Amino acid sequence: MLCSSSRDNRLEMFGESDQCFPMEKRSPSGQTFCSMGVCTYDGTLVESQSHTIEEKVGVLLLNLGGPETLNDVQPFLYNLFADPDIIRLPRLFQFIRRPLAKLISVLRAPKSKEGYAAIGGGSPLRKITDEQAHALKMALEAKNIPANVYVGMRYWYPFTEEAIQQIKRDRITRLVVLPLYPQFSISTTGSSIRVLQNVFRKDAHLSRLPVSIIKSWYQREGYVKSMSDLIVKELESFHEPAEVMIFFSAHGVPVSYVEDAGDPYKDQMEECIYLIMQELKARGVKNEHILAYQSRVGPVQWLKPYTDEVIFELGQKGVKSLLAVPISFVSEHIETLEEIDMEYKELALESGIQNWGRVPALNCTSSFITDLAEAVIEALPSATALTTSTSTSEVDDHDPVRYAIKMFFGSILAFLLFFSPKMIMAFRNHLI
Ligand SMILES: C=CC1=C(C)c2cc3[nH]c(cc4nc(cc5[nH]c(cc1n2)c(C)c5CCC(=O)O)C(CCC(=O)O)=C4C)c(C)c3C=C
Ligand SMILES: [Fe+2]
């Protein structure tokens, strides 16, 4: 059984291969699907070669996963830093991936453990994602679409590979893949899809299974409205709601993802915030707002402005009331419960901000789950067998100049990471 092997070795167990970006098309409601061709979904029966079989719909929710105990923290971090979509190395340097992941995870673990200890000793992500899966199943049933809903995590249990094996055992005949990240990033949805494609490519049965992948869904009206509801509700808890600065805080990614690898994350994030602010304006909410990026790790440039620096500057400028809105993730997790609720709140109060609030994550908000169910139903007709395409890293490496630059900087990076105390500190703490 896949999940019975040693936890630390899971990447070796499942193997690694290149990143793939399947074909994309957009639905009328705004989400992007990846699939080939178009077919119509008109009921529960499908024609097989000689007989009619019953359609069995599956929905696979993809998420990051989180350590459930403090002992899980280092192996969880190992899985995260061994992901080629998290630490992007030129092909020639792949051999240092695992030792590097081991080194970084060991250096980072004490800081991460402090964070997880402060929120009760582990990540709430598995519990919340299971609850979302259950709520989605109910919402689909209410719309006359009986479906099995599976949870597949990228870096901890239940791993995506385990969920896929269960989907196979359950003889699912049509699958919708729904990453629980509203905006697409190479480091999140991209990484999870790569795992999925690697497993599907190697399996004759799975490679024929009709699949539809919802790559991003931040533009969906249901999502925008659900976020706006939460913001309006939280604004009302302030003494002077109109004076509150709405502070969107997104998880950052290294600048190189956007500028070199073409990650659409920053553009999608900005569009997402624009849509939410438009919705708020339509409801008469005309507050000022700002977007900043949190949770940077390691010695590289991340998307700016940085959340901590903006909070400090706003306090200095005399902003008195701030409402933090976590925007890149739909469940409570360490970065809402510890980083925002504890670290940034303390920083804000020290910087002169007097009134602090935070919008809760969507979790199982019913309008949100109903909208996810609608997204699944809209995606069903476009399910087709998965195909693999060329990875972005392969494309990059075919360009000799890019390849040489990557090799040059890759070797410097590896050297610095291994031998510079300053770089070691950068992974131990959030900042350099
Ligand atoms: C859209 C969301 C996320 C993006 C983009 C993302 C990129 C990214 N993350 C790291 C490093 C770490 N992430 C960690 C935890 C973590 N990350 C996300 C989401 C995104 N990450 C979530 C929801 C969580 C929390 C899971 C939980 O247990 O609750 C961690 C571990 C915690 C810590 O030590 O701070 C690390 C490390 C990188 C390097 C990256 C992009 C390259
Ligand atoms: Fe992260």
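Trainee: Which helix gives the most to the shell around ligand 1?
Mentor: That's α2, with four residues; helices here are DSSP runs of H or I with at least four residues, numbered from the N terminus. Keep in mind this is a predicted model, where local features need pLDDT of at least 70, side-chain atom pairs count only at pLDDT 80 or more, and totals for linings use all residues. Residues are numbered from 1 along each chain, and side-chain values use heavy atoms, leaving out hydrogens and water.
Trainee: How many residues surround ligand 1?
Mentor: 30, and the closest are Arg108, Ser112, Tyr116, Ser123 and His251. A residue is in if one of its heavy atoms lies within 4 Å.
Trainee: What polar contacts are there, meaning N or O pairs within 3.5 Å?
Mentor: Among them, a polar side-chain atom of Arg108 sits 2.8 Å from an oxygen atom of ligand 1. A polar side-chain atom of His251 is 3.1 Å from a nitrogen atom of the ligand, and a backbone N or O atom of Ile334 is 3.1 Å from an oxygen atom of the ligand.
Trainee: New topic: at what angle do α3 and α11 pack?
Mentor: About 85°, with their axes 9 Å apart. Axes are lines fitted to C-alpha atoms over the stretch in contact, and angles run from 0 to 180 degrees between N-to-C directions. The two helices are therefore roughly perpendicular, a label for 65 to 115 degrees.
Trainee: Which residues of α3 touch α11?
Mentor: Lys111, Ser112, Gly115, Tyr116 and Ala118, with contact meaning heavy atoms within 4.5 Å.

Key: Chains lettered and ligands numbered in written order. Parallel < 35°, antiparallel > 145°, perpendicular 65-115°, else oblique. Polar contact = N/O pair within 3.5 Å; in protein donor to acceptor, adjacent residues only side chain to side chain.
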